[in-house]
Amino acid sequence: MTDRTDPPNDTSAHGDDELLPCGRPLSQVWDDWERHPDDTHLHACPHCRDAVRGLDQLETAVRDLRNEEADSALDTTTLTRRVMDLVRLELRPGRPLPLGGPAEDLWVMEAVAARVLRAAVESVTGVRAGSCRLRDLRADETADGAMDQGVAVCLDIHAPAGVSIPYLAEQVRERLLEAADRELGMAIAAVDIRVTDLVPTPADGQEGGAR
Amino acid sequence: MAGARRQTASPDTVPPDSRGDTDDALLAVRAAEGDEDAFAVLVQRHAPALLGLAVRLLGSQAEGEDAVQDAFLSAWRRLPEFRGQASFGTWTYRIVTNRCLNVLRARRPAVPLEAAADVPAAEYSTSPARITEARDAVRELREALDLLSVEQRACWVLRELDGQSYEFIADAVGISQDAVRARVFRARRCLTQALGAWR
């Protein structure tokens with residue numbers, strides 16, 4: 001490296017490449033070394049051998065660098081906490097939903113209610129809840145001008161494979177209504193369930209199961 | 001409002017049985033609908049890999065942590081638009097890469113690409129005996145990474161340290177695959193020269 005000179009052919013005819021004194025472009029030599037290491041010219045030509053040795057040396061250093069990094073596992077506990085502190089400070093626009101009877105002025109944010117309902121349906125073995133949208137039916141006017149009461153739920157779930165879906169849906173609906181009533185005091189008018197995936201049944205049956 | 005009954009579980013106290021086996025796609029959907037606890041699981045799950053990436057790209061743990069923090073906040077805000085075209089991991093990997101590119105660009109506003117390859121030989125590389133020491137070589141490699149242009153460094157790190165495909169890098173960095181190949185080549189040339197064994 002001490003007597004390194006700028007390559008004479010750099011950036012002219014070969015763009016970013018450079019020609020070795022033997023006439024081969026450096027990029028091709030490196031490429032050939034990776035793809036056709038038995039190329040006789042590469043072994044015979046001193047310029048190519050030099051170029052390949054440089055690449056080999058770099059790759060050794062890269063391997064050592066990767067190993068060093070693998071050894072020093074980064075602790076992300078503090079970072080994770082910092083991120084979540086900031087996330088919880090962020091205001092997310094959300095919709096309030098009514099709780100209790102029409103005369104009461106009690107509301108819950110959709111995201112909060114959805115979290116309670118998801119947790120409840122996940123007590124059914126093998127069920128995983130995804131999207132859970134809630135809609136206040138009082139806001140919708142029906143065709144004859146009458147108003148429905150309560151909240152409509154639209155829930156996506158991953159269901160365990162090999163279990164009767166109607167039976168499962170019944171259990172999910174039951175748990176959801178129970179949690180809505182007991183934990184939230186929310187009147188549910190309708191529950192739409194969409195099974196978006198079937199997943200292999202977990203080996204352990206530690207979760208809720210049928211009661 | 002009944003929002004008060006929400007449990008502000010810190011990320012490390014999320015019950016493992018309830019979400020530990022829930023896949024990223026479901027958690028991302030929940031997080032998009034405002035479930036912070038679901039997002040906490042995603043952050044916990046992906047922070048180590050993303051921090052590793054950011055530190056490799058930026059060469060500094062503190063800056064890496066800031067970049068990952070910014071990236072996660074940005075992800076949280078953009079989650080409602082995230083439609084699951086890519087996995088959550090890939091999506092955040094791209095966000096972190098972009099964030100790091102911006103940090104690198106702000107750090108060194110004007111290093112012409114060609115100048116990067118023509119940086120004079122550093123004095124530390126003159127002793128061939130030291131090059132045989134792996135630790136020295138790694139240190140030299142780390143220092144040499146600073147000689148690269150922003151795009152060269154990003155492409156080289158994603159390719160050589162993270163093992164990403166040219167297609168993936170092109171997408172993450174926002175340039176063509178040929179441009180990625182050219183930058184990886186230039187980076188290698190610059191690094192081999194800086195490591196000093198050659199010429």
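Mentor: Before we start, the domain bounds used here come from an automatic or database domain assignment, and the model itself is a predicted one.

Trainee: Okay, which domains does the assignment give for chain A?

Mentor: For chain A it gives domain 1, covering 26-71, and domain 2, covering 95-199.

Trainee: And how many Å apart do the C-alpha centres of those two domains lie?

Mentor: The C-alpha centres of domain 1 and domain 2 of chain A lie 61 Å apart.

Trainee: Switching to the open sheet in chain A, what is the strand order?

Mentor: Three strands form that open sheet in the order 3-4-5, with mixed pairing, and the edge strands, each of which pairs on one side only, are strand 3 (128-136) and strand 5 (188-199). Neighbouring strands of this sheet are turned by 15° against each other on average, direction ignored.

Trainee: Do strand 4 and strand 5 of chain A run parallel or antiparallel?

Mentor: Strand 4 (residues 151-160) and strand 5 of chain A run parallel and are joined by ten bridges, and A:Ala159 stands opposite A:Leu198 in strand 5.

Trainee: Last topic: what do the buried residues of helix 5 of chain B pack against?

Mentor: Those buried residues, among them B:Trp91, B:Arg99 and B:Leu104, pack against helix 2 (24-32), helix 3 (36-58), helix 4 (61-78), helix 9 (150-161) and helix 10 (166-173) of chain B.

Key
Residues are numbered from 1 along each chain as its sequence is written. Chains are lettered from A and ligands numbered from 1 in the order in which they are written. This is a predicted model: local features need pLDDT of at least 70, side-chain atom pairs count only at pLDDT 80 or more; totals for chains, interfaces and linings use all residues. A residue is buried if 20 or more other C-beta atoms lie within 10 Å of its own, exposed if 12 or fewer, and partly exposed in between; C-beta atoms are placed from the backbone. Helices (H or I, at least four residues) and strands (E, at least two) are DSSP runs, numbered from the N terminus. Two residues are in contact if their C-beta atoms, placed from the backbone, lie within 7 Å. Two strands pair if DSSP finds at least two bridges between them. Axes are lines fitted to C-alpha atoms, for helices over the stretch in contact, and angles run from 0 to 180 degrees between N-to-C directions.
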